[in-house]
Amino acid sequence: MACQSVAAVMDEQALLGLNPNADARYRQRAMAYFEQLKESQDAWEVCAEALAKGIYSDDHVKFFCFQVLEHQIKFRHAGLSGVQQQLIRETLMKWLQCQLMNAQPEKPFIRNKAAQVFALTFVMEYLTLWPKFFFDILSLVGLNPHGVDVYLRTLMAIDAEVVDRDILHAPEETRRNTLIKDTMREQCIPNLVESWFQILQTYQLSHPELTCQCLEVVGAYVSWIDLNLIANDRFVNLLLSQMSVEELREEACDCLFEIINKGMDPMDKTKLVESLCQVLQSAGFFNVDQEEDVDFLAKFSRLVNGMGQSLVLSWTKLAKSGNVKEAAETLQAMEAKVPLLLQLLVHEDDDISANIVGFCYEYLHVLKQLPQLTDQQKANIEAIMLAVMKKLTYDDEYNFENEGEDEAMFVEYRKQLKMLLDRLAQVSPELLLEAVRRVFTNTMQSWQTAPFMEVEVAIRLLYMLGEALPASHGAHFSGDTAKTNALQDMMRTLVSCSVSSYQHSSVSLEFFETVVRYDKFFIVEPQHIPNVLMAFLDQRGLRHNSPKVRSRVAYLFSRFIKTLHKHMNAFTEDILTRIQDLLELTPPENGFAALLTSDDQLFMFEAAGVLIVNGESPAERKQALMRSLLTPLMDAFRLLLAKLPLETEEERQAALADCLSHAVGFASRTSKAFSNKQTVKQCGCTEVYRDCLQTFLPALSCPVQRGVLRSSVRSFLHRMIICMEEEVLPFIPAASEHMLKDCEAKDLQEFIPLISQITAKFKRQVSPFLQQVFMPLVLAIFEVLARPAEDNDQAAALEKQMLRRSYFSFIQTVTGSGMNEVMANQGAENMERVVFTIIQGAVDFPDPIAQKTCFIILSKLVELWGGKDGMVGFPDFIYKHIVPACFLAPLKPTFDLSDAQTVLTLSECAVTLKMIHLKRELEFIQFLQQEYLPSLQVSPEISQELCQVVQQPDIKVLKNYIKAFFQRAKL
């Protein structure tokens, strides 16, 4: 009958929707039913009954019932009646009892969910309602395999709820969890440990999966229970015996690792590690080369790493506390593991090797701290070096042209090896230098017959010395003569033994990387420059058959040229001729794949610019060379720009616009070569860049692809303002007019820095232009800011916020450049409108960055126009609007005085008040005391206090006081 009654109570139609293949209508109904059962006071009880009596055989329905129960325990436990809480306990135990009798266990996902519900109930009730939780479960389960499985899963779920440090808990939960662990230690941990021992012993042959689960439980709990319960002969011998069982040994390894990792007295830790090692060694585990199971060896390597790191930690503690004898014993124990460390480090499987790197790194750190090294320790260092050098080598399977996950893992592993190499350099730089020199010299002598991986690693080791043996500003070829001579010898060999011709991309890349890392070598021995230049310029470098190599070499070439430009005079014109075809703009329709991408070409144009500008030719020659570099770009630009408006296909338009943008970018990049010592004017290049401006500016009025074109021309103008001085000014008005037409928020936001840059650089010179452009620019900004936007359109809101900030920073630049006539000459109405936007920005928008800028502007305006001979009517404006802004802004609820940016805004607010006092003196104090502060209901005592502070000469006093003033006001 009970079956019938429950079936009648549960919504069978809704349950159909739990099947993953059910249609959307049923699934929606199931979701609604779930919500209904969750929120009801007692409807969930039908799920409890269904579980207790095993009514449903459908797995999805069982899972659903556990989910409903889980919700009650997790979120509504306190509101349940005593009877209901008892019902949950009984349901769980009845369900568990059913498991013992079932021939087949439930699916793992149901057992996991059941374990979660058991664990949640335990967390809620162990300390109060169910202190015999474990006793009840163990009494019921005994050694029944299905029951043991649920018991072990429950223990892991409890670990996740109570112990797992990766899960963040509220302070209250943390206190509760601590209390649970303390109570468990007192009441039941010895019984649990005994149950684990029985499970491990009983099932190691018949049920390896249960044994593995149990080992995982021991590993999880060992970190916080009494270690003596586990680290004893009976238990450890059992674990060690399982190290010899193929299905169990990986999990046994992990369990031993957790035992070793347990915090304890350093001498006890040393003894534990040593006793464990003795047993492992006598059982033959240290014979790594006879073991074929790499998965086990990876776990074993992690265990040895844990043992090694534990010994290092013990040694550090003992050495610090002055226990000389014990520290020496621990060091001896550590050194005894080095042969095993080396076997694992040099193992052909990188995972096994990577797992021991931590111990290796820390062992080297110990050696670094010793006053003197023994011969054995020096031999260890050398052996580690050789292992690292061997492991840095690529294997045959590495796919250089299509790097996937395996390749990415090897690159990461190489980074770990580099850390070891750097640490070796700190312990014994002489040994490292000598070892690298030996490997490098031997390999270079026979590079023609050596496999690529040996050649690559030899050059890579030379490259890595650059970081392992630090030198300030790359000055590897001055100072310490032993190091300098060794590096110089190796570099001389590298550039003169023709290894740059080796036919493998990894060797080519390593060659150029190393040449550029040690580019200062060529200052000492410039006779090698021609050979290296040829390698850069021919099929070994920029014309290599691998696009990856060509791309990287383009960047390295520009760096090489920048460092050594003083040594390039003899080769400048030859280089420019040889790279001419690499500087061609590739139009989208030619169909040929260019040797270099447009990004790579940027580096080539920069290098060409550096060669021309820094050469020793007279100005006329520099001008001719620069013109021949830039004229092809201008010609191509004119042709493409004429085509663009006629093109109807969107995709073709975009390709043409990209190409035009690249042309401007290349021209722009050449200008990076100029400096204060070599200006555009001194090099005679003004006219060439003026021609570029005349060529590029018409793109601003192109009706299509405006965003791309405007952006590139704007960037070019920025560069020209820096390089061309006032020669650029005649081009600015027309450019501005085009850029202000049909603007979007982003266009304006990017245009304002250009105007600000001109204002800051040329100041008075551009005052007439600024007066002319000021209102059109401001009105364009107002118009964009006033455009309606959807309430939830965050992108539009952010764009407006950024535009507002740009606008305020533009006004700040104008007022800060001392050109008050720019604003003063806009007419009273316009002027008032602008100043009101500044007041509004200071008070109404909760954006501390913009507010701070607004207060800086207000302070500047008071300084310019607030004095006795200032602007007519401005003092009135100060009292009506600026003073209130200084108080209303900080009083806003959004003005967060715990936020650092807001505190900076408040600081500028204080500066504004101080500036008003400087300009208006006693009149301002009287206004505060008699009119304004009383209107805010500020008491006379506080008013007087504030006015006294405002009159003090030290602004810091006011800044500190005003923060406290507003903190009090907000209470």
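**Close-up 1. Q705 in the predicted model counts as buried, with a relative accessibility of 17%.** The structure shown is a predicted model. Burial here means under 20% relative accessible area, and Q705 is therefore assigned to the buried class at 17%. Q705 lies in the loop that links α34 (686-696) and α35 (706-724). Although Q705 is not a glycine, its phi is positive, at about 50°.

**Close-up 2. E921 occupies the loop between α44 (900-920) and α45 (922-935).** The phi of E921 is positive, at about 50°, although the residue is not a glycine. With a relative accessibility of 47%, E921 counts as partly exposed.

**Close-up 3. Helix α22 (residues 405-427) crosses helix α24 (residues 452-468) at roughly 55°.** The two axes come within 10 Å. The helices α22 and α24 are therefore oblique to each other, and α22 passes α24 in a right-handed crossing. On the α22 side the contact is made by R414, K418, L421, D422 and A425, which meet E456, V457, R460, L461, M464, E467 and A468 of α24. Six of the residues in this contact are nonpolar and six are charged, while none is polar.

Close-up 4. The buried residues of α11 are I189, L192, V193, S195, W196, F197, I199, L200 and Y203. Their cover includes α8 (133-141), α9 (145-162), α10 (171-187), α12 (208-221) and α13 (233-242).

How values were computed. Residues numbered from 1 in each chain as written. Predicted model: local features only at pLDDT ≥ 70, side-chain atom pairs only at ≥ 80, totals over all residues. Heavy atoms only, no water. Axes fitted to C-alpha atoms, helices over the stretch in contact; angles between N-to-C directions. Helix = DSSP H or I, 4+ residues; strand = E, 2+ residues; numbered from the N terminus. Parallel < 35°, antiparallel > 145°, perpendicular 65-115°, else oblique. Left-handed = near helix turned anticlockwise from the far one by under 90°. Contact = heavy atoms within 4.5 Å. Nonpolar A, V, L, I, M, F, W, Y, C, P; charged D, E, K, R; others polar. Buried < 20%, exposed > 50% of the residue type's maximum accessible area, 1.4 Å probe, protein only.
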